[in-house]
Structures are given as C-alpha cells and as structure tokens.
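Here are my notes on the model you sent over.

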Amino acid sequence: METKKKIRVLIAKPGLDGHDKGAKIVALALRDAGYEVIYSGLHQTLEQIIQTATQEAVDVIGLSIMSGAHLPISKKLIAMMKDQGLDDVCLTVGGVIPYQDIPKLKEMGVSEVFPGGTSFEKITKGINSLC
Amino acid sequence: MGVAKYIKDERGAIKEVIYQSGIKVKPAYGPEDLEKSGFTYEKDLGAPGEYPFTRSLHPQSYRSRAWTTRQYTGFGTPEETNERFKLMIANGQNGLNVAFDLPTQMGYDSDHPLSEGEVGRVGMAIDSLKDFETAFAGIPLDRIGSGLTINAVATIMMAMYQAVAEKFGYSKDQISTTPQNDILKEMIGRGAWIFPVEHGVRLVGDSIEYAVKELPKSNPVSLCGYHIRESGATPAQEIAYAFEIAKAYIDNVVQRGIKPEDFVGRFSFNFNVYGNLWEQIAKFRAARKLWAKMLKNEYGVKDKKKLFLRGLFGGGGSGLTKEQPENNIMRGAYYALGAALSGAQTTALCSFDEAYTIPTERSALLSLRTLEMLMDEVGLRDTVDPLAGSYFIETLTLEMEEKILEEMKEVQQMGGMVNCISNGLIQRKVSKQAYEFEKGLQSGEYKKVGLNPSAKDDSSLDSTSGQAEKTDAGTVELHEYNEEWAKKSKANLIELRATRNNKDVKESLKALEKAAKGRDNVMPYLVKCCHAYATVGEMAGVFRQTFGEWKEPEFY
C-alpha cells in the first residue's frame, strides 16, 4: 500500500491586516493533523504569496483575512494564480467572512471558505475533499 | 481564552476550578485564608487613594467621577468619522478613541498599491494634516482628549495632532492626546508593525521624551496588555508582559538622561476584561499594586501620583462568539461589570456584532448604554472597591500578584522583552496557548453558551451552518465598505500635492531624514512636515528608507 503524500498548505496573510491569531491557530492545527504547513508571516503582497506557493509546491493556499477585504483580495489572487499557471492549487479563505459573501467567493473560484468559528474537523474535511 | 477550566463529576457538580492564569479556586474561603497568606490591610491594600493603591487610585473613585467611556471609533472618510465623533459626544461620551485605517496605520497613503481595498475600511483614512482638520473640526480639543489607536507611526500622528490643534488655535500644552504607541505589543499580538525592533523602540522613546518637554497633558504611551491577551496570553501574562514592555521603554528613555519620575506618570494602560469575572477583578487590583511597587522600589519614583496604573479596562473581543450574536450583549454587560468592580478609570466595550463587522450606530450605542447603566442605575458608583475584604477576592488578588511576578521573572530570565520578541519566544508561546484553548473550546472542555453543544442539542459545533447571522431581533447589520472612500481620498491627495508648497515639503522631509539617521528627536521635525502638508506615506517613507522593515522571526 503506498503512503499518501502529505498535503502541503500555505497559510497566508495578505495585505496590511495584522491579526494573525486565527492563521497561527489553524497552522498549528493543520500541522497536528498531519499536513505540511508553511506560514507566510504578515504583510504579504499577493506576488509574494504566489512566489511562496510556487517555491513550496503547495496544494492549497489558505488566505486569512480579518479586515473585511476578502472579496477584492481573493479576486485578484485568483486572477494571478490563473496567470501563473497554478491550476492545480486550491484557494481557501478564512477569517471575518460574512455568510452573504461565501457564495460570491465560491463564484470567483475560491474552493472553500472557513469563516471564524469553523471547527478544525470541518477545515480538515474540507481540505481533504479538495486534494 | 478566559473561561476557567471546570472539572465536573458525573452529576455535574464542580470538583475543580482552574483559572486560565493557573490559579485553583476553592469552594469556599474564610478568614483562615487571609491569615495563612499574611494579609494585612496596610501592606496589601492601602486605603483608597493610598499606596499601594490596590483598592483605588483615588480616595473617592467613581463617587467623585464616573468612568470615561471611549468607544473605538472611526471609519471611511474624516468627514464621516467627524460625524460619528459628534454623535458619540452628544450622547455623553467624554473622550475620543480614534480608529485609523490600515494604510494609515502602516504608513501608506491612500493611493499606494498596498492600500487597495483597505482605504477607510477599519478606521478613517488619514493622508495629511488636511484630513485631521476635517476629522477634528468643531471638536473642543482643550476639553475632549483623544486616544489615537496608532503605533508604528504614532510619532507621525502625535505630530499631526499637535499641528491640527495649533491650526485651530490651541496650544500644545492645552491638548491631551494618548497615542497607543506600543510597538512591542504590535509585534506580539496586533501586527501593525513596520520597522525593526530597536528602531521601533527608539521612536517610542522619542515620543516620550518629546511629550515630557512639550506636551504636558498628553500621555505618550498606552501599554497594551489587551492585544497580548487577545493573542492567547493568560490574564497574569497580560499584566506581566505589559509591565516588561514598559520596562523596555523606560530603559530607553532613562538612557537619554531623563529620570523615570519625569515620565512614568504619563504612561497609561489598555487592558482586557473578558472571561472569568473574578480573575479579571483580582488581576486589576494586583496590577495596580505591583505597578506602584515596581516604580517605587525599582525606579525610585517618589511622587504618589506618578505611581498610578491608569488604564482603560475594556473589550474584549475574544470573549464574544459569532454564534447567537445577541448573547454578546449580555457578555458585554458582564465584562463591563468586571471593569467597574475593578475601578477602571476609562472603559470601552466591544459591541455584540464585532465578529461580523465594524459596529453600527445601533450596536455602538448599545455598548455605551451598557456602560452608562452600571454607573447611573445599578450602583457601581456607590462606594470604592466594594469587594475589598472579601476572603475570596483578597486571597485571589494575592495569588494573582504571585502569578504575575512569576511570569515577569520568566521573561527576565529569557533576556527581557526586546530579546524575547526579537527571537519570537513570546509570540510562539501565546500562539500555542491560543491553539490549546481553541482545541478545548471545540472539544467542549471550555464552555461557551450558545457555542458548545448542550446535552440536548445535536447541532454541530461550528458556526458555519449559515444561521448564526440571523438573530431573534433580525439580522446583524453589516457595516458596508464604500468604494467612494478610496476615490475621495485619492482625489484629495491629488489636490493636496498640487496646492501645497512642495519645496517646503521636500525640505522638511530632508530634515526629518537627517534626524532619523542621527540621534535627534524626530518629533519637532515631524511637526514641521505635518504643517507643510507632507503625507503620512512620505513621512513614513523616510523612516522606511532609514530604518528598513522588520523581518518576523520564524513561527514554529
């Protein structure tokens, strides 16, 4: 029986928002759950996120956005991912996300949305279903 | 974080109570507990208004003056913020607590590429003195003090506040500004840092030195345990880390030849009140005592007034839930009660919809009314430190004092705060704690009403079923982001650059650069830059060029 390759996740903090508690908690949880997790640190430009995702050959980019700017940021990143040929990388978004924006994000091409309060179980289930 | 650990038996009786700070609580306390700890009124409490101030900084406390309420306010354009300021003041708020948008906090103008999507979102967009003139128009700056929630560019905002006051005809010794200006806590738990640690501390030192000499009514630093606690620190660590951070700033200013006596009296604190009620109250009483003792014994401060731990005890967002948001109204009331029983000078209260949005007028006013009720209706002004003498509270306060000192000692053994933060030690510690607590919340180990499933309730643990936003009273109103804000700010910048004297701007920025590179205090140069209508981005840009940007230590 072949061993399953570990899923590689980049937890990324785009833009100027400095609230990293959720991102760090999820990074620790995913690591405990057996994923390979890279944490980007704060104040990442979208270019930097793409670069890290490419260099680290991640399967999933998990954006963490607490400032409310998730729609414009996600839209831009998706366009850049397409542009850079990151077709087999999934994008998930977490943070302060009003429910009314979840369908909007999914329509843009975001694979999964994990608003604040989502259980670790649901997050890992969600990621596993993508990969 | 904040809920105690309760170990129950099969019948639901509580066998053990362990507070987040690590203190175990007995079923009952009596006089023997105070005897055992060697408690005496003179040594451990002091009369209200007397050293060590455990009971209160002032003999009369709320009997002479109710607390100051400062709801964190600001969004969109300076015009809208000005309107909200006036609304809150008209409704009885007696101080301002100004929120700035992220580009401003991070030293970028509204037209910088990184500002996209952020202009006016989490606070007001300030690009230059012109914006301050709009924001503070008609506000009596000699009567209303302004807390400015700004850190990395606090020097710039302080200078701008002085400039706008001068523009309106006030003198700098009439105005009261309290920039938050606590860069070390940003690096632990709020994230709005820019420059490397030693430069960040230098700027804090510059602002303190300047305030001592030029801004007599201003409080240059607000040491924030609040955010450190939000990030995962225990209540005891919240106080301990804030005190160790204070020491880092004090040491920087003392190196300039200024005595602690001359400036520590102007430090203020920003602490968090969510979670277990008793733990918070004991924490604040212990904190007042420890701060006074530390300043007296370690820094030789003699003047009684300068030993005061003046603070805003408020908050605390982490205690609220997304699920069943109206429950947060009650939580807020209990947290505010904790602040009042702790004798907070100033307070603010998170609004019930914080998990979703910037508070609306309605929810912000609900918070304000909660605070008013405690003072005016329910009796929190009746007498000073009403819980004093309680066997439980006094024992708990002494135990909390020990815990805080233990945590401080640990930081000292790790080389002090600057070292700990530069190497990521504190950051990793609080993140891990936050993770452990979250695990406990999800497993039901820590109880959260409306969130953890009850025995009868089948519903899944998380709040993503789509129902959380709907409440019994209707849906949570979301604060809409207005694209017009960015448009307006950008247009204003274009006009500003065209109409100001660009030669003056250039010269003032050059002088600023020279000061930043050397050891001159940057503040007077910043005031000149502000008056010349240099932008926030231009002034912060000089600092970025000179100091570089901090590289966060590794997370794991």
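1. Let's start with one residue: is A:S64 buried or exposed? Keep in mind that this is a predicted model. A:S64 counts as buried, because it has 29 C-beta neighbours inside 10 Å and 20 or more is the mark for that class. The residue sits in strand β3 of chain A, residues 60-65. Leaving out residues up to four places away in sequence, A:S64 touches A:I11, A:A12, A:K13, A:G22, A:A23, A:G94 and A:G95. A:L86 is 22 residues from A:S64 along the chain, and their C-alpha atoms are 19 Å apart.

2. Now the chain A to chain B contact. Chain A puts in 29 residues and chain B 35. On the chain A side, α1 (21-32), α3 (70-83) and α5 (120-130) each supply at least two residues. By class, the chain A side that touches chain B splits into 13 nonpolar, eleven polar and five charged residues.

3. In the contact, 46 residues of domain 1 of chain B meet 44 residues of domain 2 of chain B. The elements of chain B giving two or more residues to the domain 1 side are α7 (183-189), α8 (197-214), β12 (346-347) and α13 (361-376). Of these, α8(B) gives the most, with nine residues. The domain 1 side that touches domain 2 of chain B holds 23 nonpolar, 16 polar and seven charged residues.

4. If you like helix packing, look at α18 (residues 502-517) and α20 (residues 536-547) of chain B. Their axes come within 10 Å and cross at roughly 35°, and the crossing is right-handed. From α18(B), the contact residues are B:L509, B:L512, B:E513, B:A516 and B:K517. Facing them in α20(B) are B:E538, B:M539, B:V542, B:F543 and B:T546. The contact of α18(B) with α20(B) comes to six nonpolar, one polar and three charged residues.

5. Next, the largest nonpolar core. As background, nonpolar side chains tend to be buried together in soluble globular proteins. The core here has 199 residues, and those touching the most other members are A:V9, A:I61, B:M160, B:A242, B:Y249 and B:L526. Helix α10 of chain B, residues 235-254, gives the most to this core, with twelve residues. Domain 1 and domain 2 of chain B each provide at least three residues of this core. As for B:M160, its contacts beyond four places in sequence are B:L129, B:F132 and B:C530.

6. Finally, some backbone spots to check. The bond joining B:Y51 and B:P52 is a cis peptide, with omega about 0°, and B:P52 is in the loop between α2 (41-45) and β4 (68-69) of chain B. B:F53 lies in the loop between α2 and β4 of chain B and has a positive phi of about 65°, although it is not a glycine. B:F53 counts as buried, because it has 25 C-beta neighbours inside 10 Å. The peptide bond from B:G315 to B:G316 is also cis, with omega near -15°. B:Y533, not a glycine, has a positive phi of about 70° and lies in the loop between α19 (523-531) and α20 of chain B.

Notes. Residues numbered from 1 in each chain as written. Chains lettered and ligands numbered in written order. Predicted model: local features only at pLDDT ≥ 70, side-chain atom pairs only at ≥ 80, totals over all residues. Contact = placed C-beta atoms within 7 Å. Helix = DSSP H or I, 4+ residues; strand = E, 2+ residues; numbered from the N terminus. Nonpolar A, V, L, I, M, F, W, Y, C, P; charged D, E, K, R; others polar. Axes fitted to C-alpha atoms, helices over the stretch in contact; angles between N-to-C directions. Left-handed = near helix turned anticlockwise from the far one by under 90°. Core = buried A, V, L, I, M, F, W, Y, C linked by C-beta atoms within 7 Å. Buried ≥ 20, exposed ≤ 12 C-beta atoms within 10 Å, placed from the backbone. Domains from an automatic or database assignment.
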